[in-house]
Amino acid sequence: MRFLADRSKLTVVAAKFSCGAPRAGAEKGPQAIIETGVFSQIRTRTNIALEFVELSQNDQDSQIPSDTDVMGMKKPREVSAASARISSSVYQQARLGHFVVTLGGDHSIGVGTVSGTAKAVRERSPGQELGVFWIDAHADINTPKTSLSGRLHGMPVAFVSGMAKSPKKGIFDWLEQNHLINLRKFVYIGLRDVDEAEQETIAETGIKAFTMKDVQRYGVEKVMDLALDHIGSQTPIHASYDIDSLDPEWAPSTGFPVASGLSLDEGVVIAKRLHESGNLIALDLVEINPDIATSHLDVTLNAGCKLIKNALGVVDCP
Ligand SMILES: NC(=[NH2+])NCCC[C@H](N)C(=O)O
Ligand SMILES: [Mn+2]
């Protein structure tokens, strides 16, 4: 844990937003995870001290009166304002050297979380850049131009890397240079539903991407060897874990389930290997929607809790 000030401090940010997704429900994800008792378990089984920060749509600036589409983007002002607040909360915690777990929320919150840690890393370790693991069925690297849906949960990687720029005042104009990440220190794992334009972007930029085909071909341990190698052993890591990276068998309660995903065991190996790297400084767990496949919500929550515990090095009691 060489990049954290104190390994026993953990801040949980409940990012209760679904404005980046086409349907509501993901804003209830954080509460559902917290109510499983996973953080109480972590508190009793470890010496980790927990703090909670809650951000939600009902606070302050969320009800923006005329949030009309801009360049095809849906709810651009609301998503931008939400991620600005998430970014500043994550930054405030990460700059103290706390491990930050952000519970989503739809994946547009990734603009906030990743930019927050990127800025904190630059401040805490000058010259250092953040490494990012984006574990997801989708690439989420559409720009307003290439997106077919206009939904911002399909665009966070484009905004946080500077590929997509602020088109207008009040829409991601809070992103500064020190918030942005370098896509050379970025890896995808679990991809299997990537739009054509996104595939072109990945090919052109040379982003390291391990698709589900790669996981099947090499095995998840080998993929993690290669992915960690690519990021380098001296780089702090932010993992943005979309629950839809898992196969719908293990994570049915999500907005965009895609068949042939990671098994829960494979997902756990990824989390465990990130922990064992000693470089993980932040984790997002996003896109759990309690309103979807409600009768199997417990399956999805169980999977999510396992990912969190393994990423923190907390092992289940037998
Ligand atoms: N985080 C997610 N579930 N993203 C799904 C994105 C789907 C599609 N690629 C889009 O741009 O709209
Ligand atoms: Mn995603």
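With which residue does Asp-67 form a salt bridge? The partner is Arg-77, the closest N and O atoms being 2.9 Å apart. A salt bridge here is a side-chain nitrogen of Lys or Arg within 4 Å of a carboxyl oxygen of Asp or Glu, and the structure holds 10 salt bridges.

This is a predicted model, in which local features need pLDDT of at least 70 and side-chain atom pairs count only at pLDDT 80 or more, while totals for chains, interfaces and linings use all residues. Residues are numbered from 1 along each chain as its sequence is written, and side-chain values use heavy atoms, with hydrogens and water left out.

**Asp-67 and Arg-77**
- Asp-67 lies in the loop between β2 and α3 (76–94), and Arg-77 lies in helix α3, 10 residues apart; helices (H or I, at least four residues) and strands (E, at least two) are DSSP runs, numbered from the N terminus.
- Both residues, Asp-67 and Arg-77, are buried, a term for under 20% relative accessible area, with exposed being over 50% and partly exposed in between (1.4 Å probe, protein chains only).

**Network**
- Glu-221, Asp-225 and Arg-273 are joined into one network by salt bridges that share partners.

**Glu-54 and Lys-16**
- A salt bridge joins the side chains of Glu-54 and Lys-16 (3.3 Å, N to O).
- Because Glu-54 is in strand β2 (residues 49–56) and Lys-16 in strand β1 (residues 9–16), the pair ties together parts 38 residues apart in sequence.
- Lys-16 counts as buried, at 14% relative accessibility.

**Lys-28 and Asp-291**
- Lys-28 forms a salt bridge with Asp-291, with 2.9 Å between the closest N and O atoms.
- Lys-28 is partly exposed at 39% relative accessible area, and Asp-291 is partly exposed at 35%.

Definitions and conventions. Chains lettered and ligands numbered in written order.
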